[in-house]
Amino acid sequence: MTARGTPSRFLQSVLHNGVGRYVCQLKRISLIFSKKGQGSLGVRDFIEEGVVDFAKNNPGTVVYISPQSCRIPKIVAEYLNGNVKEETVTNKTSQEIVELITKLSNQSGLDIIRIRKPFHTDSPSIQGQWHPFTNRPPSIDPVGPQAK
Amino acid sequence: MSSFSRSAQQWATFARSWFLIDARMQPPGKIASMCSVRLQGKHKPIYHPMSDIGDHVVVMNTRHIAFSGNKWEQKVYSSHTGYPGSFKQLTAAQMHKKDPTAIIKLAVYGMLPKNLTRRTMMQRLHLFTDDVLPEDILENLTEELPQPREIPRKLSEYTQEECDAFPMLWTP
């Protein structure tokens with residue numbers, strides 16, 4: 001669709017994250033997979049190798065592993081601002097899942113839609129924004145022919 | 001002004017002002033160029049041709065404009081309605097007698113950009129033949145612009161002391 005037909009937002013950060021301390025915006029990550037399906041093979045390999053390291057490196061994120069009987073394995077990422085992102089990981093290798101999970105942990109929870117401007121500032125003007133009376137010499141007399 | 005909210009600051013920056021110009025003893029071309037600059041909004045640092053940020057301009061005493069040289073007799077305003085035999089040519093003096101605001105109006109019209117915004121800008125130009133202005137326009141005026149031409153004084157306007165103080169250049 002066109003840019004006008006799809007939603008868009010301005011560039012922003014969640015509560016100026018990173019100016020002071022950095023808080024990882026990924027709240028919870030749930031790995032839903034099946035114990036015996038071929039599609040979940042990559043997920044199962046990831047759980048064997050990489051998930052514990054990931055959980056140790058991201059102490060602020062809760063990792064849930066839920067084996068269920070499901071056809072398609074999913075990774076559900078929930079963020080601090082409430083957004084939930086689901087990714088299906090059928091037939092993905094363990095390496096791909098590692099990359100996917102690092103990508104999800106680096107994202108803030110803001111929507112992935114068109115960003116209107118690649119910049120944003122809270123103080124757009126230092127010397128004060130221009131208005132018609134900025135450089136106008138002050139006058140007490142009323143303006144008009146009567147003043148003559 | 002930093003205490004303004006965002007909407008108040010936007011309203012202040014894009015506010016439309018009303019300017020007053022006295023055209024007494026002034027060349028109409030210079031008056032028209034001042035008008036066209038302010039009608040387009042080119043005097044503002046936030047100018048953009050697509051954003052409609054021109055101001056209103058009120059010109060008074062258009063009856064008393066002063067062409068330099070022999071333009072009152074030599075400058076010709078031509079018009080043709082398209083029908084055969086309707087080519088009219090008027091000298092500036094005849095045009096001024098017929099309509100005292102027409103000379104400045106045509107000058108400003110020719111100086112504005114030749115696009116669809118020109119008509120809107122002309123609607124924001126207010127011309128008055130004398131210095132009698134309606135009350136609602138008087139209430140809106142914010143600034144009077146200085147006249148472009150310095151009016152030379154007539155001999156009758158000099159005082160006797162100034163005439164005597166003038167140095168004698170030669171004895172006649």
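These exercises work through sheets and helix contacts in a predicted model.

**Exercise 1. In which order do the four strands of the open sheet in chain A stand, and which strands are at the edges?**

Step 1. Read the order across the sheet. It is β3-β2-β4-β5 in chain A.

Step 2. Look at the pairing. It is mixed.

Step 3. Find the edges. They are β3 (62-67) and β5 (84-88) of chain A. Each has a single partner strand, so one side of each lacks a neighbour in the sheet.

Step 4. Check the turn between neighbours. On average, neighbouring strands of this sheet are turned by 15 degrees against each other, direction ignored.

**Exercise 2. Which strands of chain A does helix α1 (residues 41-49) lie across, and which does helix α3 (residues 94-106) touch?**

Step 1. Take α1(A). This helix lies across β2 (26-33) and β3 of chain A. It runs at about 125 degrees to β2(A).

Step 2. Take α3(A). This helix packs on the sheet and touches β2, β4 and β5 of chain A. Its direction makes about 15 degrees with that of β4(A).

**Exercise 3. What is the strand order in the open sheet of chain B, and which residue of β2(B) is the bridge partner of Leu20(B)?**

Step 1. Read the order. The four strands stand as β5-β2-β1-β6 in chain B, and the pairing is parallel.

Step 2. Find the edges. β5 (125-127) and β6 (143-144) of chain B each pair on one side only.

Step 3. Turn to one pair. Five bridges join β1 (residues 18-22) and β2 (residues 56-60) of chain B.

Step 4. Name the partner. Leu20(B) is bridged to Val58(B) in β2(B).

**Exercise 4. How many residues lie between β3(B) and β4(B) in their hairpin?**

Step 1. Check the pairing. β3 (residues 76-80) and β4 (residues 87-91) of chain B are antiparallel over five bridges. Tyr77(B) is opposite Leu90(B) in β4(B).

Step 2. Go to the turn. Six residues lie between the strands. Gly82(B) in the turn has a positive phi of about 105 degrees.

**Exercise 5. Are α2(B) and α5(B) roughly parallel or oblique to each other?**

Step 1. Take the values. The axes of α2 (residues 28-40) and α5 (residues 102-111) of chain B come within 8 Å and cross at roughly 50 degrees.

Step 2. Conclude. The helices are therefore oblique to each other.

Step 3. The crossing of α2(B) and α5(B) is right-handed.

Step 4. Sort the contact. It has 10 nonpolar, four polar and no charged residues.

Methods:
Residues are numbered from 1 along each chain as its sequence is written. Chains are lettered from A and ligands numbered from 1 in the order in which they are written. This is a predicted model: local features need pLDDT of at least 70, side-chain atom pairs count only at pLDDT 80 or more; totals for chains, interfaces and linings use all residues. Side-chain values use heavy atoms; hydrogens and water are left out. Axes are lines fitted to C-alpha atoms, for helices over the stretch in contact, and angles run from 0 to 180 degrees between N-to-C directions. Helices (H or I, at least four residues) and strands (E, at least two) are DSSP runs, numbered from the N terminus. Angles under 35 degrees count as roughly parallel, over 145 as roughly antiparallel, 65 to 115 as roughly perpendicular and the rest as oblique. A crossing is left-handed if the near helix is turned anticlockwise from the far one by less than a right angle, and right-handed if clockwise. Ala, Val, Leu, Ile, Met, Phe, Trp, Tyr, Cys and Pro count as nonpolar, Asp, Glu, Lys and Arg as charged, and the others, Gly among them, as polar. Two strands pair if DSSP finds at least two bridges between them. Contact means heavy atoms within 4.5 Å.
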